[in-house]
Amino acid sequence: MLKSINLSLSSACGADCLYCPSNRGKKIKQKIMLFEWAKEIIDEISSDDFKKYHNIESIIIGENGDAFLNKDLIKILRYIKSRLPQIRVEIFTNFQNFTEEKAESILREKLIDKVYCNIDGYNNQNYYNVKKLDLDKTKNNLINFLKIREELNVYVPLTFFVLTLNNYIHTIHNNFDFYPTKLKDHNLRNVPDDFSIIKKQLKEILDPKKDNIIKSWVMGWAEREKFADKNINYKKYSCPNLTRIEEEAFIAPDGTWYACCYDSNNELILGNVITQSINEIFFSKKRMELIKLLKNKQFEKIGGPCKTVNCCQLMKKSKFVSYLARIVINKSNENKKFFKIIMKMFT
C-alpha cells in the first residue's frame, strides 16, 4: 500500500551542494514536469479505484530538484488541494526561488502544510562553500515567508536540516578515509563547525512553537564513484530506505517512477506513470523483484546506486555512532517502531 507520493516537479536546481552527487538527474532530459502530467497523476490518486489499494497521507513536492523552477508550481498545488483536500502537502526548498509573491499566494490559499529547508552556513562564505548559493537571497525570502505567515496567522511549520561544511568534510573523512570528492579547496578542512551559530541565528527569527532545527546526519551518496570498482561487504549493510520504497512512489518530471530519493541519477526505473497507471507499476513484477532483492541484500545484483549501498548509510563523525546507526537500520527492517525510537535518541 502506498502512503506517500514524491513528485519531482523539477529536476533542475540552482545549487551545487558539496554533499549532492554531480550526476544528479542527468538521465532525466525532461527537467520540468508539465501541468498536464501532474494533473494526470493527481487524478489517478484521487480516483476510487486507486483508493481501494492505497491510503495516501502526504504528497511531497521538491523531490530531487527545486520545485520553484516549475512555472506551474502554484497551479499544481491548487489542483492537488482541490482534488485531495485531506492530503498533507509538504515541500522541500532552499528558499532561493521561494519569493515573497509566491509565499503570499501559497500561504493565503493554504496550499502547503509543511516546509523543509536547509541552511548550511552562518555567513555568506561558509554557505557558498557548501551550496554555491547566495545566503542573503535565501534569508530575505525566508524572512518574507515568516512575515507573511505571521500576518495571515497560518500554521505552516518549518523544519531546518543543517549540514555544515565541517560536519560533512570530517564525517566523510572519518568514515571513508578520504575527503569529499567535490572538495577542491583543501584549506576548507580547517573551517570550524558553525552549527551552534546557525542554530542561534535561526532561533532569533523562527517560532519555537512551530519550527524545528535539526543537525543533519551525513550520507555519502556524492562519494559513490570512489567505491565503483571496490569490493564491498554487502552483509554489513541494509537498505536504509526499504520502508520508503515499499510505501512511497518517487516520480521524476518525465513521469519516470525511480527506486528512491537516493537514486539521484534515476538508474533504477520501475515504469512511467504517464504511459502506465500507478497501480500497474506498484503491483508489477519488476517492483516486487526489487523489494525482494533489497530485503535479501543482493545489492550487487540490483546494480545502480544499490551497488554502493555503503554510501546510502546515515553517518556521524564518530565511526562507532555510524556503526550503531547501521545496526538500527538493520533492525528497522524487522521492527519499524524500534527504528523510530532509536533514531530519535541519536538525532
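Which strands and helices do the buried residues of H1 pack against? The legends below take up this and other close-up views of a predicted model, in which local features need pLDDT of at least 70 and side-chain atom pairs count only at pLDDT 80 or more, while totals for chains, interfaces and linings use all residues. Residues are numbered from 1 along each chain as its sequence is written, and side-chain values use heavy atoms, with hydrogens and water left out.

**View 1. The buried residues of helix H1 and their partners.** Helices (H or I, at least four residues) and strands (E, at least two) are DSSP runs, numbered from the N terminus, and helix H1 covers residues 35–45. The buried residues of H1 are Phe35, Ala38, Ile41, Ile42, Glu44 and Ile45, where buried means under 20% relative accessible area, exposed means over 50%, and partly exposed lies in between, for a 1.4 Å probe and protein chains only. These residues pack against strand E1 (4–7), helix H2 (48–51), H3, strand E7 (248–251) and helix H10 (278–282), with contact meaning heavy atoms within 4.5 Å.

**View 2. Helices H1 and H3 packed together.** H1 and H3 pack at an angle of about 15°, and their axes are 10 Å apart; the axes are lines fitted to C-alpha atoms, for helices over the stretch in contact, and angles run from 0 to 180 degrees between N-to-C directions. The angle makes H1 roughly parallel to H3, given that angles under 35 degrees count as roughly parallel, over 145 as roughly antiparallel, 65 to 115 as roughly perpendicular and the rest as oblique. On the H1 side the contact is made by Phe35, Ala38, Lys39, Ile42 and Asp43, and on the H3 side by Lys75, Ile76, Tyr79, Ile80 and Arg83.

**View 3. The largest nonpolar core, with Ile61 and helix H3.** A nonpolar core is a set of buried Ala, Val, Leu, Ile, Met, Phe, Trp, Tyr and Cys residues joined through side-chain atoms within 4.5 Å. The largest one here has 111 residues, and among them Ile61 and Phe145 touch the most other members. Helix H3 (residues 73–83) supplies the largest share of this core, namely six residues. Leaving aside neighbours within four places in sequence, Ile61 is in contact with Leu7, Leu9, Ala67, Leu73, Leu77, Ile80, Val89, Glu90, Ile91 and Phe92. In H3 itself, Leu73, Ile74, Ile76, Leu77, Tyr79, Ile80 and Lys81 are buried, and the buried residues of this helix pack against H1, strand E2 (58–61), strand E3 (88–92) and helix H4 (100–108). In soluble globular proteins, nonpolar side chains tend to be buried together.

**View 4. Helices H4 and H6 side by side.** H4 and H6 pack at an angle of about 30°, with 9 Å between their axes, and the two helices are therefore roughly parallel to each other. Glu100, Ala103, Glu104, Leu107 and Arg108 in H4 meet Asn141, Asn144, Phe145, Lys147, Ile148, Arg149 and Leu152 in H6. H4 passes H6 in a right-handed crossing.

**View 5. The two faces of helix H8.** In helix H8 (residues 195–205), the residues Phe195, Ile198 and Leu202 are buried. Seen down the axis of H8, the buried residues fall within an arc of 65°, so they line one face of the helix; the arc is that of the directions from the helix axis to the C-beta atoms. They pack against helix H6 (135–152), strand E5 (158–162) and strand E6 (212–215), whereas the face turned away from the buried side carries the exposed residues Ser196, Lys200, Lys203 and Glu204.

**View 6. Two asparagines with positive phi.** Asn64, in the loop between E2 and H3, has a phi near 50°, a positive value in a residue other than glycine. Asn153, in the loop between H6 and E5, likewise is not a glycine and has a positive phi of about 55°. Asn64 is buried, with a relative accessible area of 9%, whereas Asn153 is exposed, with a relative accessible area of 66%.

**View 7. Phe250 in strand E7.** Phe250 is found in strand E7 and is buried, with a relative accessible area of 0%. Apart from neighbours within four places in sequence, Phe250 is in contact with Asn6, Glu63, Arg244, Thr256, Trp257, Tyr258, Ala259, Cys260 and Cys261.

Note on methods. Left-handed = near helix turned anticlockwise from the far one by under 90°.
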